[in-house]
Amino acid sequence: MNIPAGVRTGATGRVRLRALLAGATAAGLLLTGCGGGADDSASEAAQDKSVSREGAPAPSREADRGGDRLSTFALDVDTASYGYVRRTLADGRLPEPSTVRPEEFVNSFRQDYERPEGNGFRVSVDGAAAGDGGWALMRVGLATRPEPGAADDRRAPAALTFVVDVSGSMAEAGRLDLVRQGLRTMTGRLRDDDSVALVAFSERARTVLPMTRLGDGRDRVRDAVDRLEPDAATDLGAGVRAGYTAALDGLRDGATNRVVLMSDALANTGETDADALLEEVGHAREDHGITLFGVGVGSEYGDALMERLTNRGDGHTVYVSSPEEAERVFSEELPRNVGLTARDAKAQVAFDPSTVAEHRLIGYENRRVADEDFRDDGADGGEVGPGHTVTALYAVRLRGGASGRVAEATVRWLDPRTREAHEASRSLGTDELHRSVRDASARFQVTVVAAHFAAALRESDPGVATPTLPGLAEHADALARRTEDPQVRELAEAIHRAVALRGGE
């Protein structure tokens with residue numbers, strides 16, 4: 001169901017896209033087209049599971065051994081994997097390796113990167129030695145400037161379509177109740193010139209509230225949220241299609257148009273071809289700038305499906321399992337995603353082969369970009385909002401006795417209004433890799449512990465990993481005391497639960 005060229009923009013394109021969305025629903029094709037994500041992730045995890053005995057994650061079969069000096073990936077600020085893994089451990093279960101994405105562990109923690117003075121990114125690069133054999137860990141940090149506050153009238157108004165799963169599985173505590181709480185919080189945080197629509201889905205999808213300006217409509221939004229009650233089965237495809245139709249109906253020129261999908265992503269009914277659906281979702285993003293933000297809930301959660309949806313919708317995902325997390329996501333994270341600093345943001349790290357024998361990007365398996373597409377502004381990248389940080393961790397093996405530049409990290413992005421391309425860069429030298437991890441900043445150490453924790457959870461034989469899980473738990477305890485950061489304390493508690501579930505290994 002391709003949209004012909006020439007009708008993908010403006011009112012005509014909008015009408016055609018609505019017709020295609022409706023026609024795809026009526027076509028009655030199979031949802032299992034979405035199911036490949038879990039198997040693919042598991043395969044990637046199997047390739048990526050080894051950890052070196054020197055203390056740095058070992059190169060996978062895709063590691064550069066001197067041939068390809070470039071590493072290119074689309075920026076990603078997802079954190080859902082880490083949140084869901086913490087929930088799984090709290091429930092007394094070890095997570096499936098395919099649900100563990102190291103970059104989402106690393107990006108779940110506050111960083112103290114310097115911010116740019118203007119719009120766009122500031123690049124930070126640092127590192128530390130990671131044991132014998134010339135191995136080091138190199139951290140690339142990308143930061144945007146935060147907006148001064150919710151009252152800042154410089155950001156464009158927002159048109160948000162909330163697509164809420166009200167299927168029977170959402171009746172479980174910690175699902176629809178958290179969604180309702182979060183929506184109430186969010187309604188209070190948005191500005192008067194923002195707009196909200198509400199779509200609910202179970203066996204069918206319905207528009208509960210069309211696009212409504214909050215200035216004189218807050219009470220109507222709250223009443224609509226309070227009326228949400230769990231129903232029957234889950235037709236996720238119908239919900240997503242209805243959400244995008246409502247977003248198109250309420251599309252606002254010059255605004256941030258976004259669909260927010262709130263679900264456990266456990267589709268169990270309906271006949272929709274997910275690939276065809278996501279192709280049209282992609283058209284909505286390309287033609288009208290409608291992006292997708294995913295909020296996952298529930299002890300059982302369709303992680304692979306939610307990630308695939310938001311990746312195609314050029315957005316990202318978070319996971320919520322407690323009232324405290326719901327408050328944080330809906331009062332801080334989601335409002336921060338109303339604005340947009342960069343479109344199609346990509347990073348490229350160029351390693352110097354005279355100093356670097358091997359390098360490996362930890363995680364980001366499904367965000368890799370062909371090196372030659374880095375400056376192709378038609379190639380898809382990531383969407384990043386104000387106040388975000390993105391962290392990428394590399395395992396690097398230096399050549400013996402080498403000195404000089406290790407790598408240069410560059411980020412490229414498009415201005416969301418003008419589509420003008422911009423770049424920022426920063427380099428790192430070998431002299432900056434001589435300190436040990438324990439002598440690095442506390443935030444660098446948290447990054448390393450989070451990455452090792454993810455690697456250990458993906459490893460079928462935890463004895464391969466160095467440091468061991470008990471060693472990681474001890475290190476995380478010390479960092480929690482040092483930083484006095486509740487999220488670092490949560491990391492330490494999650495590692496202790498993993499230790500217990502693995503019998504103290």
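## Basis and conventions

Two strands count as paired if DSSP finds at least two bridges between them. Helices (H or I, at least four residues) and strands (E, at least two) are DSSP runs, numbered from the N terminus. This is a predicted model, in which local features need pLDDT of at least 70 and side-chain atom pairs count only at pLDDT 80 or more, while totals for chains, interfaces and linings use all residues. Residues are numbered from 1 along each chain as its sequence is written, and side-chain values use heavy atoms, with hydrogens and water left out.

## Strand β5 and its neighbours

Strand β4 (residues 158-165) pairs with β5 in the parallel sense, over 7 bridges. D165 stands opposite F201 of β5.

L198 has L209 of β6 as its bridge partner. The two strands β5 and β6 form a hairpin, with 3 residues between them.

How many residues of β5 are buried? The count is 7 of 7 for this strand, residues 195-201. Buried means under 20% relative accessible area, exposed over 50%, and partly exposed in between (1.4 Å probe, protein chains only). S195, A197, V199 and F201 point one way from β5. V196, L198 and A200 point the other way, and both groups are buried.

## Positive phi and a buried aspartate

Most residues other than glycine have a negative phi. A265 has a positive one, near 55 degrees. A265 sits in the loop between β7 (256-263) and α8 (274-288). A265 counts as buried because its relative accessibility is 6%. D344 is not a glycine either, and its phi is positive at about 50 degrees. D344 belongs to strand β10 (residues 342-351). Its relative accessibility is 8%, so D344 counts as buried.

D303 lies in helix α9 (residues 303-312). At 4% relative accessibility, D303 is likewise buried. Leaving out residues up to four places away in sequence, D303 touches S81, S98, T99 and R101. Contact means heavy atoms within 4.5 Å.

## The four-stranded sheet

An open sheet of 4 strands runs in the order β2-β3-β13-β11, with antiparallel pairing. The edge strands are β2 (121-129) and β11 (356-361), and each pairs on one side only. Neighbouring strands are turned by 25 degrees against each other on average, direction ignored. Axes are lines fitted to C-alpha atoms, for helices over the stretch in contact, and angles run from 0 to 180 degrees between N-to-C directions.

Strands β2 and β3 (residues 135-144) run antiparallel and share 9 bridges. A129 has A136 of β3 as its bridge partner. Helix α11 lies across β2, β3 and β13 (389-398), at about 110 degrees to β3.

## Packing of α11 and α12

The axes of α11 (residues 442-458) and α12 (residues 469-483) come within 10 Å and cross at roughly 150 degrees. That makes α11 roughly antiparallel to α12. Angles under 35 degrees count as roughly parallel, over 145 as roughly antiparallel, 65 to 115 as roughly perpendicular, and the rest as oblique. Among the contact residues are V446, V449 and F453 of α11, and L472, H475 and L479 of α12.
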